[in-house]
Amino acid sequence: MQGFVIEGVDRLQGEITVQGSKNAALPIIAGCLLVPGEVVLKSCPALSDVYSSMKILSCLGGRCRLLGDTLTVDCTALSNDHIPDRLMRLMRSSSLYLGACVGRMGRCTLSYPGGCELGARPIDLHLLALEKMGVCFKEEHGVIECTTPKGLHGAQISLSFPSVGATENVMLAAALAKGETVIYNSAREPEIIDLARFLRACGAKITGEGTSIVRISGVSRLSPCEYEIMSDRIVAATYLCAAALAGGELMLKNTGANELRPVIDTLCEAGCDIYSFSDRVYISRKRPLKAVGTVRTMPYPGFPTDAQPLITAVLSRAKGVSVVVENIFENRFRLNPELVRMGANIKTEGRIAVIEGTAALYGARVMASDLRAGAALAAAAVSAQGITELGNIEYIDRGYERLEASLTSIGAKIKRTSI
Ligand code: EPZ
């Protein structure tokens with residue numbers, strides 16, 4: 001199996017330019033389906049989820065080319081409205097092609113995206129919203145046929161939960177629908193704002209992104225544009241947590257502190273010094289880490305669930321008792337038993353983890369269970385005493401561009417090899 005072999009070090013030092021955001025790129029790439037002509041996306045991260053998105057677009061008749069961090073997509077001539085199950089299962093955000101397909105072609109056939117390591121991850125909110133916009137669903141054995149017999153039209157959509165994916169799916173379907181769509185209790189994540197900015201750059205009429213009420217007035221056609229994808233706030237949080245664990249100092253470039261406020265505040269409470277500038281964030285940790293009380297994950301602008309595994313790893317080394325409450329996903333503590341193998345003292349009960357910080361973590365053979373848990377184990381291993389073998393790193397490759405190269409550049413000892 002492909003894995004990382006990581007030898008612990010006692011500090012990190014240097015600077016990293018943070019990659020483009022996976023969770024902004026994926027909905028924006030789906031949005032290219034709405035646009036006839038050549039769209040150019042800059043700062044597009046080279047990730048397996050991006051490659052999967054390119055496969056889906058190609059299967060529908062789109063043409064994609066990724067050169068360095070520039071992705072060019074041309075969806076002028078679409079030739080298919082059926083996304084095969086094997087592609088739908090490649091990633092969770094394949095569900096976003098529902099809104100984009102019916103938005104552009106008025107119909108599509110796809111299957112449920114795989115549930116994943118974090119829980120069931122249903123798409124009921126997506127389907128309920130799109131049904132209000134005129135989409136009819138016929139489901140058989142996990143395959144959903146979506147049609148719009150009376151055309152796609154605007155609607156008033158109230159989300160029972162500020163779902164990121166459901167908000168994005170509605171925005172993608174509404175951009176070309178007849179009339180106005182209003183999303184109440186919309187997700188407010190920065191990635192939603194990036195999607196809105198991209199669609200507006202293509203001529204869409206969208207207001208309110210970043211607030212809990214988003215309005216989209218459908219237009220007849222969108223035009224190609226060139227767009228720069230925002231930087232990845234969770235990858236930035238990952239490197240901040242790696243530096244907090246190992247000690248030393250790190251400058252992150254292409255990073256906005258505002259989108260990281262809850263993570264930065266928690267790391268400062270744990271004993272780090274963090275300074276932010278226009279497009280960079282500096283961290284140093286010279287004092288021993290200390291417990292921070294309770295961390296609760298919430299929809300944005302609360303503490304991001306994607307950074308929960310990362311802060312759990314940091315708190316496993318923080319003197320005292322910390323509590324982490326996971327309010328977004330029902331199964332997002334699968335990192336914890338792996339950290340316990342490394343010497344952490346964590347009691348996990350449902351959505352609550354009680355962490356008693358230990359003086360050190362120790363190298364062990366551990367397995368990534370999902371993208372962020374894998375990154376958290378890598379961060380923990382960089383500062384552990386001894387050698388760690390980390391398996392299932394294909395999870396990490398879904399969201400991190402060359403993680404080992406970035407960590408090596410700031411002093412970590414990490415090799416990709418078979419383990
Ligand atoms: C997006 O997932 C992100 N993925 C996730 O990042 C992130 O953790 C999540 O938003 C929350 O911020 C991408 O953007 C590709 P949700 P998404 O819909 O859209 C429930 C990572 O590591 N729900 O806001 O799937 C759902 O089960 C990934 O980069 C329903 O019940 O998140 C979950 O409990 C992991 N019904 C909660 O809402 C629905 O129809 C949040 O889900 C939709 C969601």
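**Exercise 1.** In this predicted model, determine which residues of helix α9 (residues 261–269) are buried, and what covers them.

*Solution.* Begin with the helix itself: the buried residues of α9 are P262, V263, I264, T266 and L267. Finally, follow the chain beyond the helix, where α9 is followed by G271, a residue with a positive phi near 115°.

**Exercise 2.** Describe how helix α6 (residues 164–174) and helix α7 (residues 190–201) are oriented to each other, and name the residues through which they meet.

*Solution.* Two packed helices are described by the angle between their axes and by the distance between those axes. Here the axes of α6 and α7 come within 10 Å and cross at roughly 10°. Angles under 35 degrees count as roughly parallel, and α6 and α7 are therefore roughly parallel to each other. For the contact itself, V164, T167, E168, M171 and L172 on the α6 side meet E191, I192, L195, A196 and L199 on the α7 side.

**Exercise 3.** Find the salt-bridge partner of E191, and decide whether the two residues are buried or exposed.

*Solution.* The partner is R233, with the closest N and O atoms 2.7 Å apart. Because E191 lies in helix α7 and R233 in helix α8, the pair ties together parts that are 42 residues apart in sequence. Both E191 and R233 are buried.

**Exercise 4.** Among the 17 salt bridges of the structure, examine the one between D81 and R107, and place it in its network.

*Solution.* The closest N and O atoms of D81 and R107 are 2.8 Å apart. The pair links distant parts of the chain, since D81 is in the loop between β5 (70–74) and α3 while R107 is in strand β6 (residues 107–111), 26 residues apart. With a relative accessible area of 31%, R107 is partly exposed. Extending the search beyond this pair, one finds D81, R107, K138 and E145 linked in a network of salt bridges.

**Exercise 5.** Classify S94 as buried or exposed, and list its contacts, leaving out residues up to four places away in sequence.

*Solution.* S94 is located in the loop between α3 (85–88) and α4 (96–105). Its relative accessibility is 0%, and because buried means under 20%, S94 counts as buried. With those sequence neighbours left out, S94 touches I56, L87, M88 and P113.

Terms used
Residues numbered from 1 in each chain as written. Predicted model: local features only at pLDDT ≥ 70, side-chain atom pairs only at ≥ 80, totals over all residues. Heavy atoms only, no water. Buried < 20%, exposed > 50% of the residue type's maximum accessible area, 1.4 Å probe, protein only. Helix = DSSP H or I, 4+ residues; strand = E, 2+ residues; numbered from the N terminus. Contact = heavy atoms within 4.5 Å. Axes fitted to C-alpha atoms, helices over the stretch in contact; angles between N-to-C directions. Parallel < 35°, antiparallel > 145°, perpendicular 65-115°, else oblique. Salt bridge = Lys/Arg side-chain N within 4 Å of Asp/Glu carboxyl O.
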